[in-house]
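Here are a few exercises to work through with the model open beside you. Try each task before reading its solution.

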Amino acid sequence: MPASTTNKLGHRIGARGGRTRQSILDATRSLLDGRHLGEIRVADVAAAAGVSPSNFYTYFKTVEEPVLALCEIAGTEFQPLARYLDSDWSGDRAFTAARAYVVDVLMFWREHGPVLRIEHMLADKGEPGFVETRVKRLRRSHLAFERRIAQAHATGYHDKGLDPRLTSYEVANLVESMAAGFDLLRRGDTPAETILDTTAHIVVKLVTGR
């Protein structure tokens, strides 16, 4: 789990400081469940964490900083999902692997959604820290998708004009979009299994060309 080794005063963070910092992160995450980022003040986070505002400023300068730290933690936890993209994708195994990836991305968003929505919003606005966490979180998936797409492209399964790298971004973002908007997709009485199956089929088609 990523964590700073020093606080804003330049002092090494010990066990007690680590617990205080974690309390601030937990409080920030909890507040994001019910409020927009712009509605949360430092005083709100400090009160929820059971610390004083001065304690907060020992570890973070703004409310955005603990959110960024939460994005870094989420990014680390996301990495194992790439295992589905490195598995056997021959024949029907492609759909099985793609669907497992789709399901786990959905579960990941269920856990980290409030933080990831901020990451997407601020990354789209060009905020450097959030751009970096988003790119770093998805890099392994992008590279795994790109390798498979490039292989399919080289063997003639894709049109010549298709760019494997760009397609890898589009595929990863497609799955992220499904996970972020899953509840909205369900409003049309579409069964959850249909959403997951359809997304997996699209992923297989875009990746393998089959």
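**Exercise 1.** Leaving aside neighbours within four places in sequence, which residues is Tyr101 in contact with?

*Solution.* Keep in mind that this is a predicted model. Start from Tyr101 and skip its neighbours within four places in sequence: the contacts are Phe78, Leu81, Tyr84, Leu85, Ser141, Phe145 and Val175. As background, nonpolar side chains tend to be buried together in soluble globular proteins.

**Exercise 2.** Work out how helix H4 (residues 64-78) is oriented relative to helix H5 (residues 93-124), and describe their contact.

*Solution.* First take the geometry: the two helices pack at an angle of about 170°, and their axes are 9 Å apart. H4 is therefore roughly antiparallel to H5, since angles over 145 degrees fall in that class. Now list the contact. H4 contributes Val67, Leu70, Cys71, Ala74, Glu77 and Phe78, while among the residues from H5 are Tyr101, Val105, Phe108 and His112. Finally, sort the contact residues by type: 11 are nonpolar, 1 is polar and 3 are charged.

**Exercise 3.** Is Thr208 buried or exposed, and which polar atoms does its side chain reach?

*Solution.* Begin with location: Thr208 lies in helix H9. Its relative accessibility is 8%, so Thr208 counts as buried, the cut-off being under 20%. Turn next to the polar atoms. The Thr208 side chain comes to 2.6 Å from the backbone oxygen of Val204, and a polar atom of that side chain is 3.1 Å from the backbone nitrogen of Arg210. To finish, look beyond residues up to four places away in sequence: Thr208 touches Trp89, Ala152, Tyr157 and His158.

**Exercise 4.** Summarise the chain as a whole: how many helices and strands are there, and what percentage of the residues is buried?

*Solution.* Count the elements: there are 9 helices and 0 strands. For burial, 44% of the 210 residues are buried. For extent, the C-alpha atoms fill a box of roughly 60 × 40 × 30 Å along the principal axes. Lastly, among contacts between residues at least 6 apart in sequence, 65% join residues at least 24 apart.

Conventions. Residues numbered from 1 in each chain as written. Predicted model: local features only at pLDDT ≥ 70, side-chain atom pairs only at ≥ 80, totals over all residues. Heavy atoms only, no water. Axes fitted to C-alpha atoms, helices over the stretch in contact; angles between N-to-C directions. Helix = DSSP H or I, 4+ residues; strand = E, 2+ residues; numbered from the N terminus. Parallel < 35°, antiparallel > 145°, perpendicular 65-115°, else oblique. Contact = heavy atoms within 4.5 Å. Nonpolar A, V, L, I, M, F, W, Y, C, P; charged D, E, K, R; others polar. Buried < 20%, exposed > 50% of the residue type's maximum accessible area, 1.4 Å probe, protein only. Polar contact = N/O pair within 3.5 Å; in protein donor to acceptor, adjacent residues only side chain to side chain.
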